[in-house]
Amino acid sequence: MNSVFVALCAIFLAAMLMGGVNADAGRSACKDESELGQTYTHHFDAAKYWLCETLGEPATEVDCPSGLAYMHLLKECIPWASYIWKKPEMPPTVA
């Protein structure tokens, strides 16, 4: 699993460097009050997530503690061994 993860990270990094991938994908614009306090999946790094803290300001990128991945269905960081990939969804408003 680690070699697959490393390979995927390398592909995403190469795409970002060439301008083909938006590193902010999945980032909420936090323009609606229903988004405040909510978390959203970071589309390119499962060890991170987006947190809406302030209305009208784009969500803040948050790192899970070392060795954990963010599981949107649970709204928390969990051990990689328990992580299940799910197709990322877009937040209600997008930054």
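Trainee: What should I know about the model and its numbering?

Mentor: This is a predicted model, in which local features need pLDDT of at least 70, side-chain atom pairs count only at pLDDT 80 or more, and totals for chains, interfaces and linings use all residues. Residues are numbered from 1 along each chain as its sequence is written, and side-chain values use heavy atoms, with hydrogens and water left out.

Trainee: How do you know that a disulfide joins Cys30 to Cys52?

Mentor: The S to S distance is 2.0 Å. A disulfide is a pair of cysteine sulfur atoms within 2.5 Å, so Cys30 and Cys52 qualify.

Trainee: What is the handedness of the disulfide of Cys30 and Cys52?

Mentor: The torsion about the S-S bond is about -100°, so this disulfide is left-handed.

Trainee: Which parts does the pair Cys30 and Cys52 tie together?

Mentor: Cys30 lies in the loop between α1 (2-17) and β1 (39-41), and Cys52 in the loop between β2 and β3. The two parts are 22 residues apart in sequence. Helices (H or I, at least four residues) and strands (E, at least two) are DSSP runs, numbered from the N terminus.

Trainee: What makes Cys64 and Cys77 a disulfide?

Mentor: Their sulfur atoms are 2.0 Å apart, so the pair meets the cut-off. Cys64 lies in the loop between β3 and β4 (68-71) and Cys77 in strand β5 (residues 76-79). Cys64, at 9% relative accessibility, is buried. Cys77, at 21%, is partly exposed. The disulfide count is 2.

Trainee: Why is the contact of Asp63 and Lys48 called a salt bridge?

Mentor: The N to O distance is 3.8 Å. A salt bridge is a side-chain nitrogen of Lys or Arg within 4 Å of a carboxyl oxygen of Asp or Glu, so this pair counts. Asp63 lies in strand β3 (residues 60-63) and Lys48 in strand β2 (residues 48-51). Lys48, Glu61 and Asp63 are linked in a network of salt bridges.

Trainee: Why is Asp63 called exposed?

Mentor: Its relative accessible area is 53%, so Asp63 passes the exposed cut-off.

Methods
Buried < 20%, exposed > 50% of the residue type's maximum accessible area, 1.4 Å probe, protein only.
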